[in-house]
Amino acid sequence: MAQLRPRRRLALAVPVALSLTASLGFLPSAATAAPVATAPAKAQAADGPNLSYVVNTRTDRRTLESVRREITRNGGTLVAGYDRIGVLVAHSANPDFARLMRAAPGVDSAGATRTAPLAASATMDLGTPQALSGAQLAAAGATATGDEDPLEPLQWDLPAIKADKAHEKTLGSPDVTVGVIDTGVDDTHPDIAPNFDRAASVNCVSGKPDTADGAWRPGAAESPHGTHVAGEIAAARNGVGMTGVAPGVKVAGIKVANPDGYFYAESVVCGFVWAAEHHVDVTNNSYYTDPWYFNCVTDPDQKALVAAVERASRYAEKRGTVNIAAAGNEKYDLAAGSITDPASPNDGTPSSRVVDKRRCFDIPTELPGVVTVAATGAKGLKASYSNYGLGVVDIAAPGGDSTAYQPPAPPATSGLILGTLPGGKWGYMAGTSMATPHVAGVAALIKSTHPHASPALVKALLYAEADATPCVNPYDINGDGKVDAVCEGPKNRNGFYGRGMADALDAVTR
């Protein structure tokens with residue numbers, strides 16, 4: 001992503017403008033969006049900002065009915081009910097709403113999903129992806145050979161994971177769908193349209209599914225992030241533009257970011273549940289759930305957000321979905337005992353806080369069962385910005401880095417990652433947001449090769465087939481004589497690369 005504030009995983013700045021993006025396991029698995037009969041909030045409660053809440057309950061019918069009544073009684077309006085996981089989404093202007101709901105029988109946790117009122121006016125500087133000019137498009141096409149798409153010579157990231165060799169054997173199966181849980185996908189793009197799965201696409205921004213035609217697309221002023229990710233995964237091998245890691249699989253747009261670029265918990269819950277119930281095989285999650293970079297279970301609101309998103313991601317995996325998420329772009333050691341978080345809450349007034357990493361989690365990145373991806377550059381080293389951490393990072397993939405740090409081999413000229421942009425364009429971005437779709441694409445190739453594989457088996461193969469990559473110490477990526485990060489662990493399981501670099505060729509041959 002391109003660095004906005006320190007808040008988003010969607011974009012990142014290194015010496016060149018770049019763009020983007022361990023387990024607890026204490027919650028029951030339990031989820032379908034039940035039809036919701038809404039009731040008006042009581043007038044007595046409308047004396048505070050109108051906020052959105054998640055309420056986590058037991059999943060039996062009697063409890064759910066009782067909690068619905070309590071939502072109305074306490075000045076709330078029910079927006080969506082995901083009964084199978086016991087997560088209810090509500091709006092309320094009652095400042096005591098969360099406290100009252102926590103006291104209701106059958107409620108496990110409840111909390112506000114934001115600090116700013118609904119329809120917040122916050123904006124964010126997404127930066128500008130480096131779009132290819134007409135001359136660059138023509139020059140790249142002149143160097144393409146054989147069956148390559150015109151822009152494939154610029155994609156140093158494909159041979160880095162042996163995707164070019166994998167494509168000689170298979171492009172992936174159209175029976176496999178990857179859901180891009182993100183800012184929206186432009187399905188009219190010529191490299192995305194051939195592989196787009198409309199039936200599995202949706203807008204979840206409100207916390208409940210909106211299946212209106214095109215609702216999954218980004219608006220003209222919204223981030224191109226999701227479209228870029230979708231092209232990295234499944235841009236078609238069609239003689240146009242670029243080639244995705246798995247150019248024969250389907251891709252779906254699951255829009256969860258609001259127009260201001262925030263990924264709130266109710267939207268993320270909706271996205272995971274939608275994927276679970278619409279036969280999505282893999283989800284790509286190149287974001288963190290706003291407004292807290294790390295959600296601390298010692299805080300009642302943040303505890304509720306962790307619970308809701310964990311229930312949803314577990315449900316998706318239980319229904320057959322492999323969930324893959326970006327490690328983040330802040331150079332954090334996620335395995336450290338504590339981390340200073342200067343950016344939360346990012347929709348209000350952030351304050352610097354030191355978080356205990358035993359109790360505070362980046363979601364969905366650090367949720368149980370989620371594959372956590374670190375980024376590498378064109379030289380195969382951990383990208384300068386990428387988060388890392390022994391026991392947290394599961395695998396690594398190309399996310400791009402400054403060309404000054406890790407220049408690619410010709411004919412590629414940029415150390416960033418090429419992807420699709422809305423409006424039929426192509427351009428460069430970088431970050432763990434760009435690394436994650438490489439792993440999602442490899443997982444889709446594994447699922448194509450082993451169509452009956454469970455999520456557990458897909459993940460096992462993903463890890464077993466990765467190319468073990470040893471630590472680099474001292475790690476001085478900018479050459480200034482100072483150690484920038486310390487890698488811990490052996491060649492086949494360390495804090496920079498996890499099990500190693502994702503391997504697309506093994507995905508289709510083993």
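Contact is taken here to mean heavy atoms within 4.5 Å, and helices (H or I, at least four residues) and strands (E, at least two) are DSSP runs, numbered from the N terminus. The structure is a predicted model, in which local features need pLDDT of at least 70 and side-chain atom pairs count only at pLDDT 80 or more, whereas totals for chains, interfaces and linings use all residues. Residues are numbered from 1 along each chain as its sequence is written, and side-chain values use heavy atoms, with hydrogens and water left out.

The helix α6 is considered first. Since buried denotes under 20% relative accessible area, exposed over 50% and partly exposed the range in between (1.4 Å probe, protein chains only), 10 of the 10 residues of α6 are buried, so this helix is largely enclosed by the rest of the structure. The buried residues of α6 are His 225, Gly 226, Thr 227, His 228, Val 229, Ala 230, Gly 231, Glu 232, Ile 233 and Ala 234. The elements that cover them include the strands β9 (177-182), β11 (250-255), β12 (282-285), β20 (417-421) and β21 (425-429), together with the helix α9 (432-449).

Disulfides were assigned next, a disulfide being a pair of cysteine sulfur atoms within 2.5 Å, and by this rule the count comes to 3. When the bonded cysteines of the protein chain are numbered in sequence order, the pairing reads 1-2, 3-4, 5-6. Cys 204 lies in the loop between β10 (202-203) and α6 (225-234), while Cys 270 belongs to helix α7 (residues 265-277), so the pair ties together parts that are 66 residues apart in sequence. Both ends are buried, Cys 204 at 0% relative accessibility and Cys 270 at 1%.

Cys 296 and Cys 360 form another disulfide, their sulfur atoms being 2.0 Å apart, and with 110 degrees about the S-S bond this link is right-handed. Cys 296 is placed in strand β13 (residues 295-296) and Cys 360 in strand β17 (residues 360-361), so that the pair ties together parts 64 residues apart in sequence. Cys 296 is buried, with a relative accessible area of 8%, as is Cys 360, with 3%.

A further disulfide joins Cys 471 to Cys 487 at an S to S distance of 2.1 Å, and its torsion of about -65 degrees about the S-S bond makes the disulfide left-handed. Cys 471 and Cys 487 are 16 residues apart, and each lies in the loop between α10 (455-465) and α11 (504-509). Cys 471 is partly exposed, with a relative accessible area of 23%, whereas Cys 487 counts as buried at 5% relative accessibility.

The helix α7, which holds Cys 270, also packs against helix α8 (residues 300-318), at an angle of about 10 degrees and with the axes 8 Å apart; axes are lines fitted to C-alpha atoms, for helices over the stretch in contact, and angles run from 0 to 180 degrees between N-to-C directions. This makes α7 roughly parallel to α8, a term applied to angles under 35 degrees, with those over 145 counted as roughly antiparallel, 65 to 115 as roughly perpendicular and the rest as oblique. The contact is made by Ala 265, Val 268, Val 269, Phe 272, Val 273, Ala 276 and Glu 277 of α7 and by Leu 305, Ala 308, Val 309, Ala 312, Ser 313, Tyr 315 and Ala 316 of α8.
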